[in-house]
Amino acid sequence: MEEILNQIAVCIERGKVNANSPYPPDLKGQDGADELTAKAIAEGAAPSDVLQKALIVGMGNIGRKYSEHKVFVPDLLMAAKAMTAAMKHLKPYFESGEAKHKGTFIVGTVQGDLHDIGKNLVAMVIEGGGWNVVDLGVDVTAEKFLQAVIDNPGCAVGLSALLTTTMVNMEKTVALIKQNRPDTKVLVGGAPLTMEFAQKIGADSYSPDPQGALEYLTAMAG
Amino acid sequence: MNERLYGNTIDDVLQGMAVLYESAIPFVDLGIEPFRVEIAMGYAPGAMPEPFHELVDTAVAEAAQRLSPRCGFLVLPSSEVEVGETGLRLRGEWFETGDTIAGLLESASAGAIFAATAGPELDEWARGYFNDGDPMTGFVVDALGSVTAERSLDWLEERLLDLAGGIGWSVTHQYGPGYCGWHLSEQHKLFGLLPPRFLGIALSESALMRPVKSVSGFIGLGPNAERKPHGCAICTMEHCFRRSPAAAV
């Protein structure tokens, strides 16, 4: 069983979605994350093992390479696509409670900002890290973030912004969440941000890449 | 080509008059080679793996049918442009660009407010892929949109260089709000000096341009205008993906 879980992890890391997928070229014609995950479950692998030993490992590897600039956005997107193909086989087990997420992560691009590629990458990597991700989309008001926090007790929140003019809306959002749910961890990210800015607005964490956000959440969840 | 020079000829700038220029740009004239999209996607030239080449080639071919890039500028005469130590005054309106940009513009005695856009079709085209669960192709189209806007700006600069050359002037590099200390919110004032909905571009309250793949800013002009170092060399955005080792190649 270890072997097939390793294969799934490799497929996810390399973005091999299924047998029909031409990418990556050296794995052409071979089973991908989709078929191998179905096979692992059919052969009796525990869904939690598939999550821990295959999906999280594969996405962790590609996430680290991304933060080291060894791979780029397209590689991460292909990996996420493979992860999604594998995840669909685990979904029934999450719904039945047989497999459990590490927690819930609310993510969105703050009010006034419509950029979402960075936010989507963070959502994909964190979902691949075993978290239930609630994506609120773009142009999200502080009030909508707060409502999602109230609806998902114990969740963590990620705020994204790409414009210097919308960074200021992060401060308002962090303040509203902390005022109403002070224990909620708030992560911020986006090209114009810095650690200094994150600390100034009272966010709990800042990361320049998705892997850093995942590592913070993993440490937080213990 | 739908090119228009409103009101005056460029020679009239020497007489203290402003000149407004607008043009559609045939996509093929932008000369967008796939390697430019490759770089916009974060790869060093030639380093992009399969199957992305096919996606990029297909998107570039399709763009010729789908996109309608445009560009335009308002040339302001010397009497309406003043470069200070930390900013510039255009038609009496002060722009706090910061001392870096102001220093790079000090050789200008006149200038042009410009905008260029990949066109409104791009946003919808890319969004369609993201909504259909194909973020990979959506990302390729998004990167192509960035390149289209940048190349439209290059096209505009060449046109402006031609016109300025006709009256014995040269040009500086271009600089815009959101760049190197010039706060993005000043985009509102900049667009306030252009005709309403110039090139079809709208600004949100947060100064985000729609279509998203649009660029705007200011280019210095004058008999002694010179191009000084530009781009990543003077930008302070520490974590921009364009700073990645591969992209820097």
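**Notebook: chains A and B, predicted model**

I began with strand S4 (186-189) of chain A: Val186(A) and Val188(A) point one way from the strand, Leu187(A) and Gly189(A) point the other way, and all are buried. I take a residue as buried if 20 or more other C-beta atoms lie within 10 Å of its own, as exposed if 12 or fewer do, and as partly exposed in between, with C-beta atoms placed from the backbone. In a regular strand the side chains alternate between the two faces of the sheet. Helices (H or I, at least four residues) and strands (E, at least two) are DSSP runs, numbered from the N terminus.

I note that this is a predicted model, in which local features need pLDDT of at least 70 and side-chain atom pairs count only at pLDDT 80 or more, while totals for chains, interfaces and linings use all residues. Residues are numbered from 1 along each chain as its sequence is written, and chains are lettered from A and ligands numbered from 1 in the order in which they are written.

**Around S4(A)**

I looked up the pairing of S4(A): four bridges join S3(A) to S4(A), and the two run parallel. Strands pair if DSSP finds at least two bridges between them. Leu187(A) in S4(A) is the bridge partner of Gly158(A).

I then went to helix H7 (residues 164-180) of chain A, whose buried residues include Met167(A), Met170(A), Val174(A) and Ile177(A). The buried residues of H7(A) pack against H6 (142-151), S3 (156-160), S4 (186-189) and H8 (195-200) of chain A. Contact here is a C-beta to C-beta distance within 7 Å, with the atoms placed from the backbone.

Pro182(A) sits in the loop between H7 and S4 of chain A. Pro182(A) counts as exposed because it has 7 C-beta neighbours inside 10 Å.

**H1 and H4 of chain A**

I checked helix H1 (residues 2-14) against helix H4 (residues 73-96) of chain A: their axes come within 6 Å and cross at roughly 140 degrees. The two helices are therefore oblique to each other. Axes are lines fitted to C-alpha atoms, for helices over the stretch in contact, and angles run from 0 to 180 degrees between N-to-C directions. Under 35 degrees counts as roughly parallel, over 145 as roughly antiparallel, 65 to 115 as roughly perpendicular and the rest as oblique.

H1(A) brings Ile8(A), Cys11(A), Ile12(A) and Glu13(A) to the contact, and H4(A) brings Ala79(A), Ala82(A), Met83(A) and Ala86(A).

I listed the contacts of Ile8(A) beyond four places in sequence; among them are Ala33(A), Leu36(A), Val50(A) and Ala86(A).

From Glu13(A) I went to Val57(A), 44 residues away in sequence and 8.2 Å away in space, C-alpha to C-alpha. Val57(A) lies in helix H3 (residues 47-67) of chain A and counts as partly exposed, with 18 C-beta neighbours inside 10 Å.

**Core**

The largest nonpolar core has 142 residues, and those touching the most other members include Ile8(A), Ile12(A), Val140(B) and Leu221(B). Such a core is a set of buried Ala, Val, Leu, Ile, Met, Phe, Trp, Tyr and Cys residues joined through C-beta atoms within 7 Å. H5(B) gives the most to this core, 13 residues.

**Chain B and the interface**

I counted the contact between the chains: 27 residues come from chain B and 23 residues from chain A. Helix H5 (residues 135-165) of chain B supplies the largest share of the chain B side, four residues.

S4(B) and S5 (residues 88-90) of chain B are joined by three bridges, and Val81(B) has Leu90(B) as its bridge partner.

Notes:
Contact = placed C-beta atoms within 7 Å.
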